[in-house]
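Some labels given to a structure rest on cut-offs.

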Amino acid sequence: MRTGGVNEPKIAQNSMAQKKSLRIGVIGCGFMGRAHSNAYRRVSNFFDLSHEPVLQAACARDKSAALAFADRWGYASIETDWRKLVERGDIDAVDICVPSNLHCEIAVACAEAGKIVLCEKPLAMNFTEGETMCAAVEKAGVPNMVWYNYRRVPAVTMAKQLIDEGKLGRIFHYRANFLQDWTIAADLPQGGTALWRLDAAAAGSGVTGDLLAHCIDTALWLNGPMQDVSAMTETFVKERKHNLTGKVEAVGIDDACSFLCHFANGSLGLFESTRYARGHKALYTFEINGEHASLKWDLHDLHRLEYFDHRDEGRLRGWRSIHVSDHGGGQPYMDKWWVPGLQIGYEHSFVHQVADFLEALAQGQAAQPDFRTALATQRVCDSILASAQRRQWVMI
Ligand SMILES: NC(=O)c1ccc[n+]([C@@H]2O[C@H](COP(=O)([O-])OP(=O)(O)OC[C@H]3O[C@@H](n4cnc5c(N)ncnc54)[C@H](O)[C@@H]3O)[C@@H](O)[C@H]2O)c1
């Protein structure tokens, strides 16, 4: 690559001058810390935006872990106490990538410090905490967003477009699953990195808040509000050693959860999630059946949208498997990437979400889902757990 050409520095300065810096402080350097950092680094290479994310600070409790993370991803500095990061004058936006029990306290502190807040899902441990978070960001008037990233998988975004255009007609059924198999071993401990998901004190709930929350956010987005739920949950392994205390402790999370619901549009919902479906790693699927057409999607094959339209000419009628990679036909997001036919993956959903957030910020709008929108999913999760506990239908 040629460097030092006469015009090059000038071009670089001009393009930088047009962009506003958005200085990011990320709290939590695990799975989502990586996914988001990757998105911040790549977004300006592929999207034309007026804001440029600047990786200003990374926070982990362990100094060497924070330094290693900052070095790998290019953060300018580190903190080992999230409160210090939130107080810093050189941070515009705080990205909360820690377990759910910390979301509320950090988000409220960010709002009080006037920071933009990006928060991982689920919004909170429960509805009450979520409401506190909404009130804090609304009082402070700070932009906010929750990372329900599956909305930004192009095939899922396209499903939304097709439904909004009325292609399916009246919706009868919404069906979704999120199946995994990684917690079947009874000697797997609870607590600590990633395993905090098995500890109710850190996670709030099990598969309901972790996996079904994604299915619910997508469902509310695609098919509108739910009215009531009837749920069952099960904890298959009742006791596990706790990584932090070293003692065998009761497991308080739901290992599996299934629920039925009525949507306000009259359709029926059926949802299942478990971490005990041997062979399935992250099988998030949904299928929607309407009067004229049906569609289905599968995270394991995320660039495809399956579509059946009863109005097709009879001899050719059948399920189409649409490879959502052809922006020439108007398929979402794909004009930002490669040539038609070349697919993208999981990490791109986060790039898209950052891009949409920065676009909304430039226009003074709320990027979706914001805290208030994500609170609806929290309300459904709380209702599911209440229904399972009471063995009754619960109104939402
Ligand atoms: N959008 C998605 O698809 C998706 C996927 C996975 C996780 N998540 C959500 O992201 C959040 C984080 O999950 P993860 O998978 O990244 O977990 P993880 O265990 O990989 O990482 C969490 C990190 O937070 C750190 N941490 C804990 N307490 C801290 C504190 N006080 N200060 C600083 N760091 C602290 C841990 O050391 C760990 O490195 C959760 O809310 C989870 O539900 C969302």
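Predicted model: local features only at pLDDT ≥ 70, side-chain atom pairs only at ≥ 80, totals over all residues.

Q: What makes β5 and β6 paired strands?
A: Pairing requires at least two bridges between two strands. Three bridges join β5 (residues 116-119) to β6, so the pair meets the criterion. In one of these strands, β5, Val117 has Asn144 of β6 as its bridge partner.

Q: What is the order of the strands in the open sheet, and is the pairing parallel or antiparallel?
A: The order of the six strands is β3-β2-β1-β4-β5-β6, with parallel pairing.

Q: Why are β3 and β6 said to stand at the edges?
A: β3 (77-79) and β6 (144-146) each have a single partner strand, so one side of each lacks a neighbour in the sheet. On average, neighbouring strands are turned by 25° against each other, direction ignored.

Q: Which helix packs on the sheet by touching β2 and β3?
A: Helix α3 (residues 63-73) does, and its direction makes about 155° with that of β2 (51-59). Contact here means C-beta atoms within 7 Å. Helix α5 (residues 103-112) lies across β1 (20-27), β4 (93-96) and β5, at about 165° to β5.

Q: How many residues surround the ligand, and which are the closest?
A: The shell holds 23 residues, the closest being Gly28, Gly30, Phe31, Met32 and Glu120. By class, 14 are nonpolar, five polar and four charged.

Q: Why is the ligand said to lie between domain 1 and domain 2?
A: Both domain 1 (8-148) and domain 2 (150-395) give residues to the shell, so the ligand lies between them.

Key:
Residues numbered from 1 in each chain as written. Helix = DSSP H or I, 4+ residues; strand = E, 2+ residues; numbered from the N terminus. Axes fitted to C-alpha atoms, helices over the stretch in contact; angles between N-to-C directions. Contact = placed C-beta atoms within 7 Å. Near = placed C-beta within 6 Å. Nonpolar A, V, L, I, M, F, W, Y, C, P; charged D, E, K, R; others polar. Domains from an automatic or database assignment.
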